[in-house]
Amino acid sequence: MTTPPPAGGAPGAPAGGPGPVQQHPARTPLGAAAAERTATHYHPGDGLFAWLSLRPTVRIRLTLLYGGMFLMAGVVLLLLMYYFVREAMQSATLPTLRLGPGVSLTTPDGEVINSQAELTRWLSHYQDIEAERSLNTLLRKALTALICLAVIAFAAGYAMAGRVLRPLGRMTRTAREVASSDLHRRIQLDGPDDELKELADTFDDMLDRLDRSFDSQRRFVANASHELRTPLAINRTLLEVQLADPEASTELQQLGKTLLATNERSEQLVEGLLLLARSDNEITDRRPVELSEVALRAIEQLKPEAATREVELRSELHPVTVSGNGVLLERIALNLLQNAVRYNTPDGWVEMSSAPAPGGVGELVVSNTGPVVPGYEMEHIFEPFRRVKGADRTRSDKGVGLGLSIVRSVVRAHGGTIEATPRPGGGLTIRVRIPGP
């Protein structure tokens, strides 16, 4: 059950350029993968926050909005208060003081006043100075109070934003649980009949429809597994019995062999489609799996075929533990090796390696020699039924065109990534990363 490479190339060979091609899921799972989840992401440089180098969260933006509105209101109030107090001081009048004959006054700054005109002028100047000093003191203290209140307002705004967004956090956690476990989880948000409750109820309705759809799909796969395998097995038995008849003519023997090969290819196609359908769901029962042991078992299974095709198998396996299903992970290694061996050149080689990778993931790498694949075919190598142009579609020795599709589906179900890179001179390097436990 392997996928032949595009015209003129090895399995999975990229078309179009020397750079690696990251394979992304065509449809994302629910929940957290669901927030790769299909949402529109904020990019630095957009809108009001274009000056920020990092992407602010919704809570930070709401905090800035609440705090900014309070700060703007405080500044406006401070300016109005300053204006009204200044107007009041300018309109205030001091009591009239009169100097008697021969009386003089000495001001605090040492100036001697001998006439009524000088006294009036000094009082007016003194009133202006004291008013200005009082206004400056008022402005300084008001600004200090405004800054302290702004800090409190931003903190209160942060807490308020968290409370407002709490239902959204509950929706996100439920979506992640749905993506990582099953579709039976529901949000069931309580509270007033507002926009958030309407969103939660809509999400619950969507999960109900998806749950029914996936249940129907699982029942269909189970029924198809029985209905399709049984007649093919009967056909194979009948053909083998007929071929075992020593009195059968040469033409009948040749026809039986051709039909048996066609039946075998149909069985491989059915098995591949069923495995592809089953592996397209998220893995729920995860266990620690030693990736090097999985790779070693796959190599042992492919040694006879590699020897027949005159392809050398190499390995450089380092212990690394990942989280997943051991049988499906072995299918990844086996399919990659099958494609690398079957779409190789005589006297070529295939190398498989396993090692830890940054980020707590395990990495499985398969490199092989082979013909060069056109660049324009590279983005399609993981699609089902991709074939070499002009290849005989009735032969089953190179699979049915589902090998790499199954690999991508299983990798996706494990939450991993897969990428293919062309080798200079022909062949591929396919790199699979699976998250650790």
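**Exercise 1.** Find residues of helix α2 that are buried.

*Solution.* In α2, the buried residues include Leu62, Thr63, Gly67, Gly74 and Leu78. Buried means under 20% relative accessible area, with a 1.4 Å probe and protein chains only. Helices here are DSSP runs of H or I with at least four residues, and strands are runs of E with at least two, numbered from the N terminus.

A word on the model: it is predicted, so local features need pLDDT of at least 70 and side-chain atom pairs pLDDT 80 or more, while totals for chains, interfaces and linings use all residues. Residues are numbered from 1 along each chain as its sequence is written, and side-chain values use heavy atoms, without hydrogens and water.

**Exercise 2.** Work out what span helix α2 should have, and compare it with its end C-alpha atoms.

*Solution.* Start with the 34 residues of α2, residues 58–91.

**Exercise 3.** Locate His414 and decide whether it is buried or exposed.

*Solution.* First, look in the loop between α8 and β9. Next, take its relative accessibility: at 1%, His414 counts as buried. Finally, follow the His414 side chain to the backbone nitrogen of Asn325, at 3.0 Å.

**Exercise 4.** Identify which residues Val432 touches.

*Solution.* Leave out residues up to four places away in sequence, and count heavy atoms within 4.5 Å as contact. Val432 then touches Ile332, Leu336, Gly362, Glu363, Leu364, Val411, Thr417 and Ile418.

Definitions and conventions. The expected span of a helix is 1.5 Å times one less than its number of residues. Buried means under 20% relative accessible area, exposed over 50%, partly exposed in between (1.4 Å probe, protein chains only). A polar contact is a pair of N or O atoms within 3.5 Å; within protein, one must be able to donate a hydrogen and the other to accept it, and residues adjacent in sequence count only if both atoms are side-chain atoms.
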